[in-house]
Amino acid sequence: MTDAVYPALPGPAGSIDAAEYERQYRASIEDPDGYWRGEAKRLDWMTPFETVKDVSFAADDFRIRWFDGGAMNVSANCLDRHLAERGDSIAIIWEGDEPGDGARITYRQLHEQVCCLANVLKARGVAKGDRVTLYLPMVPEAAAAMLACTRIGAIHSIVFGGFSPDSLAGRIEDCGSKLVITADEGCRGGKRVPLKANVDAALEKCGGVETVLVLKRTGADVPMTEGRDLWLDAEMANASPECAPEPMAAEDPLFILYTSGSTGKPKGVLHTTAGYLLWVTKTFRDVFDYREGEIFWCTADIGWVTGHSYVVYGPLANGATTVMFDGVPNHPDHGRLWETVDRLGVNILYTAPTAIRSLMREGDAHVTKYNRRSLRLLGTVGEPINPEAWEWYYRVVGDRRCPVVDTWWQTETGGILIAPLPHATDLKPGSATKPLPGVCCEIVDAEGQPLDGATEGNLCLTDSWPGQMRTVWGDHERFIQTYFTTYPGKYFTGDGCRRDGDGYYWITGRVDDVINVSGHRMGTAEVESALVAHAKVAEAAVVGMPHEVKGQGIYAYVTLNAGEEPSDDLTAELRQWVRREIGPIASPDAVQFAPGLPKTRSGKIMRRILRKIAEGDVSNLGDTSTLADPGVVEQLVAGRVG
Ligand code: WT7
């Protein structure tokens, strides 16, 4: 079978065509210093940099440094420099949970909010280098809080509002935040989320937080702890709207964002100032071919990296109008996205395959009821998109007029690395197509040997790009160990990948113990440790399973303590338990009670077998002769759930 190809549509004047892409790609490889020196002009520098790039991925001589000697401020690049020309243009269109409940904020207004909030932070003793945790809904104040941190050089750590008090406490503690910004409650799909109550519960488990700033979102009556908790609006009303941006060195930390890995607790991915901002500024402009005055809507939450890079920093650095959506695609009905596209006049929509698949199931009528004429470009991110969903997005949502850009990247990469340029790259449904300029991809076999031409293997990046993460907060060894030792001298992405005869990349999914549920990353080890924390559970093993809407679902094998009996009630209780321990996104889709797990004689669980059974592919389980008790396999196959 040959893959479908959609030739690139010619773009408006100034868009990058195929020849220009080739020229840039070559320049970025042949003369990275010259290439990035030119690209760095996209940003305003307070002090010009001296060296462009100083990188070595060798474990014993490791460094990743970009633009040394330079200084800048991220909030000044996202706000101040736009004021003269487009101070009265809309920076943020806020779209609330209910259609039409929202607000518009100009660059000038946002600038003022950010300065006030920065002064509130300073008044509470927050200084350059301090960590601030944000646990907020998708409201403009959340973007203002991010920018306020960058204005004074504080490092923000955003925790997704769907995470539990325990998860929040772990993240606050790991980075040692002394201030938390939250809201009374959030609203999602008509339901309330008890954000402040979760913060209170988290702070009972961890110390160090001196101040909690509370935004009034729903007006709910929430308890305030004297001396610790302050209403954000009251503090901002009394703060000065003037705050000079702090000059930050290019490699000064910008933010921490926790993400799941294959082992242990989530790691704090650290991004730094200039390289990150340049990467998201350039990729936003080029991958979405953004034009002045257009309305850009990325549906991601700011609790994920997509929200950081393409709701806030990328768009604002380009002076764009960005939509912040505090709702969900199926509330009040399945036409919400398209109704909102029409009402706001959205030009570019960037969303996740899981959302596309869930809407596709509800039928075309929810889409065709709206005209969607403002749309010019569609994007996807977060997980592999199946060609059926791609075609539906292209045909039904985009009326075959809008290029679809499938963008591959990771929390660690800061921004998009593999994606089509909409007017340069022929599209193939299901492929993220080709690396952007400055991105050096390599596919290697299990031993790390580079594979040429059309091939399949593990995806590595052989050289740095400015937006690369710089360390794991508090554990630089873990950073090097996790990413640079599997294939020494290369950054290993954790993804499997195929490259076709045209040099197109097809991401096949994680090859480590990370699963991707609705575009959200979960470490199987995290879910396992939540399960074994339950009093009735002796042992647990968690794997991914194919899921029609979520991409992957969570399949848990659970062994109970002696004397405990499996039951439907216990299944429900365990699912609820994991929700409470980690958050709703980690709740298992299937729980199989198993008398034993398939272990080798040395006690290692053979996950390969568990994966196959969860997938329902039990005809060929491979070699089971090294198992301590090969009999458990039959029991597991017989007890399969679903
Ligand atoms: C993992 C990273 C990128 C921001 C959101 C997720 C998977 C991401 C794609 C894509 C196939 C994709 C990969 C990657 N992934 N985008 N376009 N096609 N797979 O960030 O939580 O750090 O997860 O998401 O497996 O490693 P993240």
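Predicted model: local features only at pLDDT ≥ 70, side-chain atom pairs only at ≥ 80, totals over all residues.
Which residue just after H4 takes a positive phi? Gly125 does, at about 85°.

## Helix H4

Helix H4 covers residues 107-123. At 1.5 Å a residue, its 17 residues should span 24 Å, and the C-alpha atoms at its ends are 24 Å apart, so expectation and model agree.

How many of the 17 residues of H4 are buried? Twelve are, so the helix is largely enclosed by the rest of the structure. To find them in the viewer, start with Tyr107, Leu110, His111, Gln113 and Val114, which are among the buried residues of H4. Also buried are Cys115, Cys116, Leu117, Ala118, Asn119, Val120 and Leu121.

## The two assigned domains

The domain assignment gives domain 1 as residues 107-249 and domain 2 as residues 518-639. Taken over C-alpha atoms, the centres of the two domains are separated by 37 Å.

Where domain 1 and domain 2 meet, five residues of domain 1 are in contact with six residues of domain 2. On the domain 1 side, the touching residues comprise one nonpolar, three polar and one charged.

## Around the ligand

The ligand is surrounded by 24 residues, and the closest of them are Trp408, Gln410, Thr411, Ile507 and Arg521. Helix H10 (305-317) gives two or more residues to this shell, as do strands S20 (404-407), S24 (491-499) and S25 (505-510).

What is the make-up of the shell by class? Eleven of its residues are polar, eight are nonpolar and five are charged.

## Two exposed loop residues

Now for a pair of loop positions. Arg373 sits in the loop that runs between helix H13 (365-368) and strand S19 (377-381). Is Arg373 buried or exposed? Arg373 has 11 other C-beta atoms within 10 Å, and because a residue with 12 or fewer is classed as exposed, Arg373 is exposed. Between Arg373 and Val341 there are 8.9 Å in space, C-alpha to C-alpha, although the two are 32 residues apart in sequence.

Lys604 is found in the loop between strand S30 (590-593) and helix H18 (607-615). Lys604 counts as exposed because it has 11 C-beta neighbours inside 10 Å. If you follow annotations, an unreviewed UniProt entry lists Lys604 under "modified residue: N6-acetyllysine".

Technical notes:
Residues numbered from 1 in each chain as written. UniProt positions renumbered as here; feature names shortened; annotations may be inferred. Helix = DSSP H or I, 4+ residues; strand = E, 2+ residues; numbered from the N terminus. Buried ≥ 20, exposed ≤ 12 C-beta atoms within 10 Å, placed from the backbone. Domains from an automatic or database assignment. Contact = placed C-beta atoms within 7 Å. Nonpolar A, V, L, I, M, F, W, Y, C, P; charged D, E, K, R; others polar. Near = placed C-beta within 6 Å. Expected span 1.5 Å × (residues − 1).
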